[in-house]
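This report describes selected helix contacts, a sheet and annotated segments of the structure shown below.

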Amino acid sequence: MNSVPEIWKELSKSLDFVCYEHKTGSEPFYIGYLSSLIDEQVLHRDILGYLTEDSKVSIDDLYNLIPVAEKEISCTSKIIQNHILQGYVAVQLGLLNQHTILVKASLSKGRKVTEPQVEFTVEGSKDAFVESLDINLNLIRRRIPIPELRIKEITLGSASKAKVAVCYIEGTTNEQYVNTCIQRIEDVEFDVFSDVTLLQQMIEDNSNSIFPQTVGTERPDYVSWALSSGQVCILMDGSPTAVFAPVNLGIFFISYEDYFLPWIIGSILRLIRMTSVVFSIFATPLYVAVMTYHGQGISNIFLPTIISSRINVPFPPVVEVIIMELVIELLREAGARLPSKIGQTIGIVGGIVLGTAAVEASITSNFLLIIVALSALASFTTPVFRMSATIRVLRFPFIIAAQIWGILGIFIIILFVIIHLLRLTSLGMPYLVPFYPLRTSDMFDSVIRSPYSKFHHKFSFFRTLNPVRFDKKKAKTKEDINE
């Protein structure tokens with residue numbers, strides 16, 4: 001396509017493309033746009049109303065008359081076509097004039113800023129990201145109103161042409177992380193990007209690992225904290241989720257709400273959360289190992305209860321456990337896919353009915369039913385959904401290994417998992433830091449939530465260019481004023 005009329009001829013094959021002649025002076029104007037993308041009020045108020053009847057008007061004069069900030073003049077057919085597809089109105093003065101004014105008149109439709117749906121919090125802010133990239137950037141800018149906040153825009157997808165924004169704080173974020181992140185995004189080749197989670201999987205260091213190497217969140221306050229810590233944030237137009245990296249394993253078990261509570265309470269809740277994750281992974285594998293190979297390890301106090309609960313169960317422990325785990329997963333998936341009110345009913349009623357029926361039919365023991373239910377509840381304590389899904393999947397290799405080798409099999413799988421985690425990185429940063437490599441100075445906020453008086457330095461493993469949050473020597477202690 002070498003001319004504007006040819007571009008409009010190609011676009012006119014679509015029903016929503018509008019192209020017409022606007023006569024005001026001696027030489028008519030030709031207007032072209034996609035009606036499904038533009039705001040009719042902007043078209044009539046800010047564009048058509050300024051098309052002058054002066055016969056001597058030039059394309060530059062008309063450009064200066066239109067009171068819209070986002071506009072440009074172009075004679076390149078590809079640029080003109082791409083802008084029209086993004087919600088611009090093309091204005092051409094005469095058919096022979098190859099220079100075309102492109103005026104942004106895109107229609108912004110979408111939901112308003114609402115409360116978080118996935119990461120609901122009692123304390124803290126109640127706004128969440130939406131599908132509009134401009135609104136999401138506004139939510140971040142309001143929290144970090146500094147000139148050092150940089151936003152790089154990249155267009156992805158041969159068909160979707162999705163706008164991706166890479167955010168970081170210049171002078172704080174290590175440039176290696178920024179360049180690595182931008183390079184990986186630019187190297188991605190795909191046709192349609194409907195959500196940032198697709199890009200999230202493509203830019204991770206090891207796409208074949210079940211462990212996530214980036215964190216997705218819908219909370220702008222969490223993103224602002226990550227940016228100030230020296231991490232890189234990625235947003236995409238049309239996606240209500242922000243992704244930030246690099247991350248370590250401990251971040252996935254830290255809830256941002258911990259920082260809104262007193263540090264002692266926040267630390268206790270964090271320890272409970274981590275203990276719950278360990279219990280969720282190893283509860284059912286240990287049941288299989290003990291019931292299959294290590295029955296002598298059962299206390300005499302619990303032995304009669306366990307024997308009486310399993311005396312009528314025809315299946316071996318591993319089959320019993322796998323059946324119950326699959327039932328829990330079915331209930332979880334059904335509750336997630338159905339509408340919210342129906343999903344809650346399915347989860348509660350289905351769990352009670354199926355659990356009671358399974359015990360009465362001697363398919364499983366009531367002792368195992370309690371263990372599986374507690375294990376499922378413990379997995380819900382993980383703040384990040386992708387890590388919660390990882391924990392759900394991770395239980396099955398442990399169960400199979402426990403059936404084959406007993407407790408020795410559990411330790412073998414633990415060894416394989418540790419080796420995998422030691423080799424895993426996030427934007428080149430070790431995944432197990434600060435435990436490996438050991439960073440004793442960064443242990444203060446890894447397991448427990450330290451008081452804010454200890455936050456004078458940022459994590460060293462992020463290699464931030466400005467590691468100091470505040471000068472602890474200048475921090476004043478709280479004193480009472482005596483009159």
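In this predicted model, Leu139, Ile140 and Arg143 of helix α5 are in contact with Pro220, Asp221, Val223, Ser224 and Leu227 of helix α8. By class, the residues of this contact comprise five nonpolar, one polar and two charged. Helix α5 spans residues 133-143 and helix α8 spans residues 220-228; their axes come within 9 Å and cross at roughly 60 degrees. Because of this angle, α5 is oblique to α8. The crossing of the two helices, α5 and α8, is right-handed.

Helix α9 contributes Phe282, Pro285, Leu286 and Ala289 to the contact, and α15 contributes Ile407, Ile410 and Ile414. Of the residues in the contact of α9 with α15, seven are nonpolar, with no polar and no charged residues.

The model also contains an open sheet of five strands with antiparallel pairing, in the order β1-β2-β4-β5-β3. Which strands stand at the edges of this sheet? They are β1 (17-22) and β3 (71-74); each has a single partner strand, so one side of each is left without a neighbour in the sheet. From one strand to the next, the twist averages 20 degrees. The pairing of β3 with strand β5 (residues 100-104) is antiparallel and extends over four bridges. Within this part of the sheet, Glu72 stands opposite Leu102 in β5.

Turning to annotation, an unreviewed UniProt entry lists residues 271-293, 343-361, 367-386 and 398-422 under "transmembrane region".

| Segment | Helix content | Strand content | Distance between end C-alpha atoms |
|---|---|---|---|
| Residues 271-293 | 96% helix | 0% strand | 31 Å |
| Residues 367-386 | 75% helix | 0% strand | 29 Å |

Definitions and conventions:
Residues numbered from 1 in each chain as written. Predicted model: local features only at pLDDT ≥ 70, side-chain atom pairs only at ≥ 80, totals over all residues. Heavy atoms only, no water. Axes fitted to C-alpha atoms, helices over the stretch in contact; angles between N-to-C directions. Parallel < 35°, antiparallel > 145°, perpendicular 65-115°, else oblique. Left-handed = near helix turned anticlockwise from the far one by under 90°. Contact = heavy atoms within 4.5 Å. Nonpolar A, V, L, I, M, F, W, Y, C, P; charged D, E, K, R; others polar. Pairing = 2+ DSSP bridges. UniProt positions renumbered as here; feature names shortened; annotations may be inferred.
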